[in-house]
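Colleague: Before I plan anything around this model, could you take me through it with the terms spelled out as we go?
Modeller: Gladly; here it is.

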Amino acid sequence: MKNLLFFIFIHVSLFAHGVATGDQGYIQQINGINFVPFMYLGAKHMVTGYDHILFLVGVIFFLYRLRDIGIYVTLFAIGHSSTLIFGVFADIHINAYIIDAIIGLSVVYKALDNLGAYQQWFGMQPNTKITTLIFGLFHGFGLATKIIEFDMDPNGLLTNLIAFNVGVEIGQLLALSAILILISYWRKQPSFITYSYSTNIVLMILGFMLTGNQLIGYFNS
Amino acid sequence: MFNAQQPTEKDLPTSAQLLKSTIIAILVTIILLVMVILPAEYGTDPTGVGKLLGLKEMGDIKMSLLEESQNELSQENNTSSIDSDSLDKAMVNNTINNDVVEITIEPGKAIEIKLEIKSGSLVQYEWKTIKGGLNYNLHGDGYKGSQKFISYKKGRMVQSDSGELQAEFDGYHGWFWRNREEFSVTVILQTSGDYIQIKQML
């Protein structure tokens with residue numbers, strides 16, 4: 001009942017004079033180039049988007065050399081920046097549920113990759129650099145779908161999009177630094193290797209949950 | 001068993017390095033919280049950096065939108081009986097109306113003018129500002145409790161608009177205008193057609 005009331009409240013506040021509140025409300029009120037605000041929104045989206053964070057945890061779970069971390073994070077960034085800008089300009093409407101379900105599967109994929117499942121099952125290791133780039137491309141379509149929903153003003157769109165993208169990278173760096181510090185503490189303990197198997201299983205479960213949740217949303221919509 | 005090599009002790013950061021990183025992380029968080037997140041989310045800007053970055057405006061707009069949507073919610077709850085009265089009246093007095101309304105909107109403020117229209121009825125409208133642009137949303141709400149909502153037309157920084165409005169359902173249909181200029185904007189609205197009454201909602 002409490003949830004129901006909450007839903008009604010949100011519904012009304014979103015549609016009172018058809019003016020949205022929050023980030024979306026703000027975006028619909030402004031006009032022209034707003035570099036720092038869009039940078040902020042990009043960073044906020046990344047830091048508060050647990051699907052992107054889970055994938056990053058998977059990617060850097062076994063990486064400890066800064067050089068490797070740099071390479072993988074850059075590949076991921078190249079992937080999602082390209083599809084973000086391309087998706088918005090080509091106005092590609094991929095169903096948000098489908099793209100988020102694929103993002104969930106990317107978490108599952110990475111967890112299995114960490115566990116060495118592909119070597120066991122298929123006797124080969126898919127190129128981790130290429131797969132990181134490909135999943136980056138999918139994550140970018142997710143970001144693009146989000147931006148299209150924001151209904152940004154065409155005036156100054158490209159500059160605002162670039163700002164959003166810069167923000168996404170900043171947010172990613174911030175999230176990554178926090179994850180890295182936590183994992184580094186843990187990596188020094190003997191329990192890291194003991195529990196890395198079960199941790200990746202948990203990561204996989206979370207990935208499946210994200211996927212399942214999005215598929216339910218898709219079939220209910 | 002894993003798709004990874006075991007790091008050696010010298011590959012890993014030392015405890016002192018980790019402690020230093022943690023302290024830096026906490027400091028960065030505090031700085032971001034005060035200078036970026038507080039202004040952008042709540043319009044609270046203790047250092048003035050938020051205003052410099054243009055983020056305080058974001059927080060201010062968010063807070064005013066939230067306040068307006070909450071006011072609207074309590075207003076809707078109070079006006080339910082009036083709505084059904086005017087509906088009864090509507091069935092008797094449905095004639096052709098003409099109105100001209102002139103209203104001045106302060107910077108940052110919004111007003112809403114609506115026509116009570118029966119489903120399918122037609123209204124001709126024209127509005128223009130004397131100087132400056134307005135963000136607008138031409139939309140309709142069903143009577144209290146109907147949950148109906150439609151947005152016919154939207155625009156940002158627009159100086160005039162005209163056309164014909166055909167109500168999709170019984171209820172209040174009209175304009176929400178927001179002034180995002182630095183100065184007051186006066187808007188003149190002319191309406192003519194088959195509607196019951198014109199009303200300022202906000």
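Colleague: In which sense, parallel or antiparallel, do β2(B) and strand β9 of chain B pair?
Modeller: This is a predicted model, in which local features need pLDDT of at least 70 and side-chain atom pairs count only at pLDDT 80 or more, while totals for chains, interfaces and linings use all residues. Residues are numbered from 1 along each chain as its sequence is written, chains are lettered from A and ligands numbered from 1 in the order in which they are written, and side-chain values use heavy atoms, with hydrogens and water left out. Helices (H or I, at least four residues) and strands (E, at least two) are DSSP runs numbered from the N terminus, and two strands pair if DSSP finds at least two bridges between them. B:Glu116 stands opposite B:Gln197 in β9(B), and over 4 bridges β2(B) and strand β9 (residues 197–200) pair in a sense that is antiparallel.

Colleague: How many bridges join β2(B) to strand β7 of chain B?
Modeller: Strand β7 covers residues 171–178 of chain B and runs antiparallel to β2(B). The number of bridges joining β2(B) to β7(B) is 8.

Colleague: Which residues touch the most other members of the largest nonpolar core?
Modeller: A nonpolar core is a set of buried Ala, Val, Leu, Ile, Met, Phe, Trp, Tyr and Cys residues joined through side-chain atoms within 4.5 Å. The largest has 58 residues, and helix α9 (residues 157–187) of chain A gives the most to this core, with 10 residues. Those that touch the most other members are A:Leu41, A:Ile60 and A:Met152.

Colleague: Which residues is A:Ile60 in contact with, leaving aside its neighbours within four places in sequence?
Modeller: Contact means heavy atoms within 4.5 Å. On that basis, with the sequence neighbours set aside, the partners of A:Ile60 are A:Ile69, A:Leu176, A:Ile179, A:Leu180 and A:Arg187.
A second, separate core of 22 residues has among its members B:Ile113, B:Val123, B:Leu138 and B:Tyr195.

Colleague: What does A:Ser196 touch, not counting residues up to four places away in sequence?
Modeller: A:Ser196 lies in helix α10 (residues 191–220) of chain A. With a relative accessible area of 0%, A:Ser196 is buried. The residues touched by A:Ser196 are A:Phe61, A:Phe62 and B:Phe2.

Colleague: What is the angle between the planes of A:Phe61 and A:Phe62?
Modeller: Rings of Phe, Tyr and Trp (its six-membered ring) pair if their centres lie within 6.5 Å, and planes under 30 degrees apart count as stacked, over 60 as edge-to-face and the rest as tilted. The structure holds 18 aromatic pairs over all chains. A:Phe61 and A:Phe62 form one that is edge-to-face, 5.0 Å centre to centre, with an angle between the planes of 90°.

Colleague: How many residues apart in sequence are the parts that B:Tyr143 and B:Tyr172 tie together?
Modeller: B:Tyr143 and B:Tyr172 form an edge-to-face pair, 5.8 Å centre to centre with 80° between the planes. B:Tyr143 lies in the loop between β4 (134–142) and β5 (149–158) of chain B and B:Tyr172 in strand β7, so the parts tied together are apart in sequence by 29 residues.

Colleague: Where in chain B is confidence lowest?
Modeller: pLDDT is the predictor's confidence in each residue, from 0 to 100. Chain B averages 82, and 87% of the residues score at least 70, but pLDDT stays under 50 over residues 79–92. Where pLDDT is low, the predicted coordinates should not be read in detail. In chain B, confidence is lowest, at a mean of 45, in helix α4 (residues 80–92).

Methods. Buried < 20%, exposed > 50% of the residue type's maximum accessible area, 1.4 Å probe, protein only.
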